Amino acid sequence: MGVLEDFGAWVVYSLIGMSRGDPLAEALDFFIYDTLKIFLLLFFITFFVGILRTYVTPERIRDFLAHRKYGMGNVLAALFGIPTPFCTCSVIPLFMGFIRAGVPLGVTFSFLIASPVINEVAIVMLLGLVGWKITALYIGIGFIIAVVVGFVLGLLHLEDQIEEFVLTSKISTVAENSGKEVLSLSKRASLAFEESKEIIKQVWLYIVAGIGIGAFIHGYVPQDFFLEYAGPQNPFAVPVAVLIGIPLYSNAAGTIPIIQALMAKGMAVGTALVLMMSITALSFPQLLILRKVVKPKLLAILVGILAISFILIGYLFNYLLQ
């Protein structure tokens, strides 16, 4: 990573000839370095996980979780969600597939919460950006929220809040049938490579946009702006972060550069993590898609429980890390 950092500085200050301390130069340096680093990490980690996913398909996950009881089922579902970076567009077929396979509603939500909030791309990027301690906090917070929220939803017995077509639609995807074919390692690698390219095609714009926002924040936005609205002196910084995250849309990979820049400007760790979780688990586009498969009551309960959970966790970690 040091080579990439040196390369960014060389392009900005030597090749282009910009001056150190110039906000535009600092923003451009940040943009070049983070773009190269994140895309390299994204490719290698998605390639590795792509190979793993040729062994563990969504169909096998659903079969394993089907008819599992709450509690342990929620834990297992959240654990499965961590290495499966499904995007928002996958919510509907995954939700339908899990429910039709007999996976309890609460267990299903533990998986669907853990999958976007915690994934291998975010973990690797956080390790490179903020170190293992904050990364461990991120994983722990996301895992606890996925398990607890799924468990609570299971206790509420809201199965009648699932839209009727979910129970009658037929799910047929390539992923569900891929486990029937015996694949060679080279074939698995080829599939993983193609999947890596496909994932990058789908998310590159969001990553670049996220890095661009982070670069702008890094170079131009005064520190006092964030300290005023989301700094340690504002007792309402955490709920404000949750509200800010809802209208935004990005995956964890695109959000992390923004979070890094905000933390560098003085935002507390707990507040920053809550903002990232709000963007990845409570974004308005994702809620719109979920509304297609669940009724308003269940959607409102899910949003309320997640928002309260994020706020409590944010305050807790801000207190522990002050």
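**Entry 1: a patch on the surface**

A note to myself before I start: a patch here is built from residues with over 30% relative accessible area and no salt bridge, and nonpolar side chains are joined within 5 Å. I am working with a predicted model, so I keep that in mind throughout.

With that in hand, I looked up the nonpolar patch. I found Phe-7, Trp-10, Leu-15, Ile-16 and Leu-36 forming it on the surface.

I then picked out Phe-7, which lies in helix 1.

**Entry 2: salt bridges**

Next I asked how many salt bridges the structure holds. I counted two.

One of them joins the side chains of Arg-291 and Glu-163, at 3.0 Å from N to O. I liked this pair, as it links distant parts of the chain, with the two residues 128 apart. Arg-291 sits in helix 16 (residues 284-291), while Glu-163 is in the loop between helix 8 (132-155) and helix 9 (164-168). Arg-291 has 33% relative accessibility, so I listed Arg-291 as partly exposed.

I also found Glu-194 in a salt bridge with Lys-197, where the closest N and O atoms are 3.4 Å apart. Both residues belong to helix 11 (residues 185-219) and stand three residues apart, about one turn of the helix. My reminder on helices: an α-helix has 3.6 residues a turn, so residues three or four places apart point the same way. Glu-194 counts as partly exposed at 41% relative accessibility, and Lys-197 counts as partly exposed at 33%.

**Entry 3: helix 6**

I checked the length of helix 6, residues 105-117. Its 13 residues should span 18 Å at 1.5 Å a residue, and the end C-alpha atoms are 18 Å apart, so the two values agree. As for cover, I found 13 of the 13 residues of helix 6 buried.

**Entry 4: the whole protein**

Finally I stepped back. I listed 17 helices and zero strands. Of the 322 residues, 51% count as buried. I looked at contacts between residues at least 6 apart in sequence, and 84% of these join residues at least 24 apart. The accessible surface comes to about 15,100 Å², with 69% belonging to carbon and sulfur atoms.

Key
Residues numbered from 1 in each chain as written. Predicted model: local features only at pLDDT ≥ 70, side-chain atom pairs only at ≥ 80, totals over all residues. Heavy atoms only, no water. Patch = residues over 30% accessible without salt bridge, like charges linked within 9 Å, V, L, I, M, F, W, Y side chains within 5 Å. Areas by Shrake-Rupley, 256 points an atom, 1.4 Å probe, with all protein chains shown as cover. Salt bridge = Lys/Arg side-chain N within 4 Å of Asp/Glu carboxyl O. Helix = DSSP H or I, 4+ residues; strand = E, 2+ residues; numbered from the N terminus. Buried < 20%, exposed > 50% of the residue type's maximum accessible area, 1.4 Å probe, protein only. Expected span 1.5 Å × (residues − 1). Contact = heavy atoms within 4.5 Å.
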